[in-house]
Amino acid sequence: MMEFTTRLKDLRRQSHLSQEQLATRVGVSRQAISKWESGAGRPEIENLVALADVFAVSVDALLGVADAAAGGGAEYRYESVTSHDVDQPKHFDVDCGSIYGCTIRGYDGEQLRVRVVSNTVAEVARHFKVSVDDRAKRIDVVVRRGDGISETLAKDDVSVVLWIPQRYVTTMECAAKAFEAHVQGLDCDGLELDVRTQRLTLDDVHGHVEVNCNLDMEIDCATLDGRVDVNQLSATSRITVPKGSTIAVLTHGLRTRTIVGAGVHVDEDAPDVVELNGVASELIIEGR
């Protein structure tokens, strides 16, 4: 219980909320927040969910256990959180730089939250600066690595977790040089990923996804609802879709080809589409 009380106070302070302001957002009294932070009381599950939504973290992370939003594994030892209030639909443009992992997660909230996390870099906030430029119809987010940490260390054990307020995202671009990337629970008109990654997972993602990557990569679509375009140069990649999926398959470019494996049905009129564009590239499509 001490882990939860400490975590709750830290998250509230990082979000610049008083106990009374947090109570209003959760729908409880200020006294209830005070009891939870002192360990004199324990929130019911519906209040835990409400707290997690306010802070843009998973319930497990709030309790100090596994952080599902960061792609699984134990909660990170060190983190820096940048929060920004969003008040209307916008285009999000994000540049994460060179890191180990990048996770984008849509959620039912009103804040953009950027978590820079690590198990070895203790002073994450000093070494990585997050800038947010909020304009009329777009938000630009840049994660900058300082001179005090090498790119090699950043690529070994620094990840960025982006919590995107679902109601306010129209379209999104994200650039990252990362070993792995994850997109979860996002519904928007268009998502463009300009990445150098070997592993990409798309889970509960709805709309048009465009992936630009010239590395051999594994793309895992836990769900498929819309269109996935893979743009590559001299690469051989594999994309898995739910077993039994019926999709349209398109191939464009010079010396490109797609290979459809077992568990996938091809129908040129299907609403869900997988498209390969590029030069001297191959895409294998399989059912999972």
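These legends cover close-up views of a predicted model. Residues are numbered from 1 along each chain as its sequence is written. Local features need pLDDT of at least 70, side-chain atom pairs count only at pLDDT 80 or more, totals for chains, interfaces and linings use all residues, and side-chain values use heavy atoms, without hydrogens or water.

**View 1. A negative surface patch.** Asp 187, Asp 189, Asp 203, Asp 204 and Asp 225 make up the patch. Its members have over 30% relative accessible area and no salt bridge, with like charges joined within 9 Å. (A salt bridge is a side-chain nitrogen of Lys or Arg within 4 Å of a carboxyl oxygen of Asp or Glu.) Strand 7 (169-195) and strand 8 (199-212) each give at least two residues to this patch; strands are DSSP E runs of at least two residues, numbered from the N terminus.

**View 2. Asp 203 in strand 8.** Strand 8 holds Asp 203. Asp 203 is partly exposed because its relative accessibility is 35%, between the limits for buried (under 20%) and exposed (over 50%), with a 1.4 Å probe and protein chains only.

**View 3. Parallel pairing through strand 10.** Strand 10 (residues 225-233) pairs in the parallel sense with strand 8 over seven bridges. Gly 226 in strand 10 is the bridge partner of Gly 207. Strand 10 also pairs in the parallel sense with strand 15 (residues 273-279), over seven bridges. There, Val 230 has Leu 276 as its bridge partner. Pairing requires at least two DSSP bridges between two strands.

**View 4. A nonpolar surface patch.** Leu 233, Leu 254 and Val 279 together have about 240 Å² of accessible area, from the Shrake-Rupley method. Nonpolar side chains are joined within 5 Å. Leu 254 belongs to strand 12 (residues 245-254).

Methods:
Accessible areas come from the Shrake-Rupley method with a 1.4 Å probe; for residues, only the protein chains shown count as cover. Lys and Arg count as positive and Asp and Glu as negative; His and the chain ends are not counted. The place of a charge is taken as NZ of Lys, CZ of Arg, CG of Asp or CD of Glu. Helices (H or I, at least four residues) and strands (E, at least two) are DSSP runs, numbered from the N terminus.
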